[in-house]
Amino acid sequence: MYRIGFDVGGTFTDFTAINTTDGAATHFKTSSTPHDPSEAIETGLRHFVEERGISPDQFEFVGHGTTVATNMVIERRGVPTGLITTQGARDVLEIGRQTRPHLYDYDITKPEPLVERYMSIEVPERMNADGDVLVPLDEDAVRRAAEEIRDAGMQAVAICFLHAYRDGRHERRAAEIVREVMPEAYVSISSDVLPEFREFERFSTTVINAYVGPRMDRYLERFLQRLQSIGFASAPRTIHSNGGLMSVDTVRAFPVRTCLSGPAAGVVGAAKVAGASGYPNIVTYDVGGTSTDVSLVLEGRPAFTTSRLVADYPVRCPMLDINVIGAGGGSIAALDDAGALKVGPRSAGAFPGPVAYGKGGTEPTTTDANLVLGRLDADTLLSGRMTVDKEAARKAIATQIAAPLGLSVEDAALGILRIAVANMGRAIRAVSTEKGHRLSDFALFAYGGAGPLHAAAVAVETGMKSVLVPAQPGTMCARGILLSDVGFDFVRTGVSTASAEAWPQITAAFAEMYKDGDAWLDGEGIAPEAREMQYVVDARYDGQNHEVQVVLDAIDTTYDAFLKGFRAAHRQEYGYDIADRAVEIVNLRLSVKGASGADPDTTHTPENADPVMGKRQVYFDGGWFETTLYDRAKLPVDQVINGPAILQEMSSTTIVEPGQTVRVDATGTMIIEV
Amino acid sequence: MALDTKKTLSDPIAMEVFTNRLLAVADEIGTSMIRASFSSNIKERKDCSVALFSADGRLIAQASHIPLHLGSLMGSVGAVLDAYSTDRMVEGDVFICNDPYAAGGTHTPDISVVTPVFVDGQVRYFTANIGHHSDVGGTVPGSIHGGATSIFEEGLRLPVMKLCRAGELDEDLLRMISLNSRSSEERWLDIKVQASANERGARLLHEMADSLGADKVDELVEDLFTYTANRLRNRILEMQDGTATFHSKIESDGLGPVEVPIQANVTVKGDRLIVDFEGTGPQARGGLNVVASALNASVYYVVKTLLDPYLLPNSGMFEGIEISAPKGSLLNPIAPAATGARSITCNKVVRALIGAFSQLLPQEKAQAAGQDIVPVMVFAGKRRGRDEGYVYLESIGGGAGARYAGNGMDGVHVHVTNSSNLPIEPLEIEYDLVVDEYALVDDSSGAGQYRGGMGIARQISAPNGGVIFTARSDGHKEGAPGVAGGTSGRPAHLIKNAGTDAEQELDPMVANLTLDKGETIRLETPGGGGYGDPAKRAEAALAHDLRDGRISTARAEALYGPAKVAQAKALY
């Protein structure tokens, strides 16, 4: 049997297939097809089954990561969407948190809401914070609003009422009316999408869900048809932002939950692969052409957050805490008029690209610096599919950077890399030391095409002792999908003062949520023994407006145990607790999981051949060094190689600096000691 | 200053790497302080800043979440150095102060904590932070009150004092400060958090000095100052030489409708920038006075926003700007004038400064006036379903001014502040209040080629009465002026029982007004001024606003002319 995972990226769609009989993994890629991302999927899958003569019914698992929803928001290609809301709340999306996005730069403005203001229509209805009806729902007004929205040509409707997290009755009734008026429309209600208080974030999340819903639906339809046309029988799963897998039906209902789909899979995969090598604490470091994603994994568990911005719009749902900065191979190096050398955030991107690519780029990038220093070379870059003009890169750095600073070309190029590394180091500190972790306790886990190129230097800059580079670092996201479990999160808001007397109500609420979770797992086809439930209470001290998460041991945890857990969580998070202050319970969260992921492949068999590919001169701090080039796939397990060294493989180049060592462990992961 | 004194950098690459580390250190201290703090004011609204200083009191780096704190810790560190020379400090000492007159503060709720950092037995750096405490005593909850006639009504005054002596926390002092606040426990917790944030900063500075060497750090700091100064100097050189003057005013001095004029005079001579406020009216009788730290921050804000938004705030920037205001004026008051409500005045200072700077800058930098106040609503009453009381304070955003590059933003905080709102749902969970409306004010934008931002209407009712309401606001008489032919935005309004027979417009400085069962308060904040001739407004943009109801047909016809409105309407 086979398991296959694929991740649809902007440039390539990456695939990883595992033969479950012998554990052999195959990685391959096709060019992405942005007009219909499922086309590239079909091309890749057909190629794989036809080339190998595998029958499509041999696939017991098909999983995919997709940024279709995110791209729709970024490129504003969702459908025209209307909003029906409570009287007095029409401008919730316009006002947001009434802050401007940058303190000083007025060129950076708030994004225009995805619903145009004339399509944000108020209806009389109102509940208070207890869910009591202050103003009954005016059903005629809802009908008129729906007609207006229909007549304006909208294809999706979000229904967002104040305090609907407490009681969704009005929203559900309004949705019925809207469906009568607009049977074809995609309808999202906030009490379904995110039954959690704080209206701006809930409305925004619900509107995005509606905005991307119809096109996501069509994409999934095409995707399923293509799988069927090849002959795949197993129901595909999609990875969502918290690193769990879900069925196509769940994705249809909650497309907003896929906003971090691909990157989340990479982090989940990284956590498992690093764990197999004995490194439970890692910082993931994924470098592409224009951006770098970093995140923290502590004791094998990725760090989570409950909200982030997608194209400047808040999205609230449980997701992996991934910090994205604009630094990558295309980052431009330039001197400013006061004599400082800056690298990024401007990027040459794929076009015009680095100077050396000869596609019109005139300003040197980090890729140009890597070429000039011999870290990358023309033959291996993009497998020789592109002509690389190293002399042009050298000239650009010489005239634009080295001459004005009075440096040699090499030292100028090295300076560019040092600054790029410092920028990345700052992003890593933001997810680690700023949250109270010591980086010396972590290893850097590098992947993405350009991650392994700078990883050793980044580790030195940030005080980490080891770097891990997985096999095929360019396909980590696709691999991660194969290592993920089915999972989903449920939330309920009900603010109350915690007390022993009221505690049974909390337990009762969890029992109801358990039923929802169980029903969802039924729908996902997860066997009872593979199910796992986690109960989390968001709580705070009376008078605070900021919650900490308390993980309960079990559904029948006692009140005293909760209180003890709260104090411990507060101490852990903020450094202190207060013995006798009242505690408020704010949200109840249930996280359900169904084990379905495979364990990472832990047997690595090197090809039995000489790993040395040759030697070349590479510039490091201190001058030119004769550096040995190795074919990574041929390195014997646990043979220690002294730096400087360059390790080549299809999707990536790893640099080991002088004084560092590297070895490949039994699982196939490369470990650099810096 | 002639150009030949311009220094060059000793190591630009090392400086850039160092700057990244420095900012990471400042960010880490700031984040840890926000995370650990207890009060919503610091934790949620991020009304705090942290900074690193050299031993001689120069600002090396700052993580600032509101512009009003720009450089304001220099006042506190300066006061510490005046009170105690470094040879009288020992390792483990921590200083605390807040006083605007005696200790370089800006108003009493902003408490600064300053910690000397020792390397090899010598003071090598300071770490410092400032936090806005929700109450430090005084006559009104929150300690700020437009009608305060002296600083003695604004709560506790702290000169420079030792909070810790050689590592020993002075619990007596901390107890005394806490006891003087209406929310003692919050003060106790947050001040301790401030001290430990500095401790963390000290540890990080130690690590940096250990890895790079303290002398190398000094060299890189000098590079950073030189670089920042050179970069600012380049921007000033691009300005036109000469002196430009612009006026604004506050409509109330806090005690009544007594206007106080503000005059900003900006002089550029080559690479020198001189800002004085000669011509500004006398100090206010109420709490709207601005002391040096707050005035400087307002000037630094304008320099950053107009000349170089990404210029790093350090002494290299600040030392290149000369600032003065006449003694005894609104902007240089004599003790014990009250200073609590200074943020309204600071935003009006910014309005005058932008008007003056713009005359010496290219047209692309032009920007109309925005709401240019920090309007505040304060409600006090019972928590929902409980007997305990609450004091709920919120500042409301408004329209930003239109710019050469486009419309002003709708419903945002402008200039010296940028605090986030308390959303409707948590508000109603917590307090016995109902938000009837939180919306943009239609027809509030100034017209022009680009329109001003829209103001915000926030209407809150007291369903069960027993609520005491206090406001401080401005801009209720005159709207925010447009620029380059743009028209003014709509002024602010404060209305009791809007839309009923008992509707009543209130004084913007109304205090201690009782709301009975079902009564409402509605604040409509000002719209921003427009930029450029309304005749040049794109029909499509006007059509968009008409369709969205941002502007009514009647007002559009009055401002843009019926012909243009007809053309716009034909587009949809």
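What share of the 572 residues of chain B count as buried?

**View 1. Chain B as a whole.** In this predicted model, the answer is 61% of the 572 residues of chain B. The chain is built from 13 helices and 20 strands. Its C-alpha atoms fill a box of roughly 75 × 65 × 40 Å along the principal axes. A compact globule of 572 residues would have a radius of gyration near 25 Å, so the 24 Å of chain B agrees with that. Look at the contacts between residues at least 6 apart in the sequence of chain B: 75% of them join residues at least 24 apart.

**View 2. Where chain B meets chain A.** Here 55 residues of chain B are in contact with 51 residues of chain A. On the chain B side, the elements giving two or more residues include helix H6 (214-237), helix H7 (292-307) and strand S14 (434-440). H1(B) supplies the largest share, with 13 residues. Sort this side of chain B by residue type and you get 23 nonpolar, 14 polar and 18 charged.

**View 3. The largest nonpolar core.** This core has 347 residues, and among those touching the most other members are Val157(A), Ile159(A), Phe445(A) and Leu353(B). Helix H12 (residues 409-431) of chain A gives the core its largest share, 13 residues.

**View 4. Around Ile159(A).** Leaving aside residues up to four places away in sequence, Ile159(A) touches Ile84(A), Glu171(A), Ala174(A), Ala175(A), Val178(A), Val187(A), Ile189(A) and Ser190(A).

Note on methods
Residues are numbered from 1 along each chain as its sequence is written. Chains are lettered from A and ligands numbered from 1 in the order in which they are written. This is a predicted model: local features need pLDDT of at least 70, side-chain atom pairs count only at pLDDT 80 or more; totals for chains, interfaces and linings use all residues. Two residues are in contact if their C-beta atoms, placed from the backbone, lie within 7 Å. Helices (H or I, at least four residues) and strands (E, at least two) are DSSP runs, numbered from the N terminus. Ala, Val, Leu, Ile, Met, Phe, Trp, Tyr, Cys and Pro count as nonpolar, Asp, Glu, Lys and Arg as charged, and the others, Gly among them, as polar. The radius of gyration is taken over C-alpha atoms; the globule rule is 2.2 Å times the number of residues to the power 0.38. A residue is buried if 20 or more other C-beta atoms lie within 10 Å of its own, exposed if 12 or fewer, and partly exposed in between; C-beta atoms are placed from the backbone. A nonpolar core is a set of buried Ala, Val, Leu, Ile, Met, Phe, Trp, Tyr and Cys residues joined through C-beta atoms within 7 Å.
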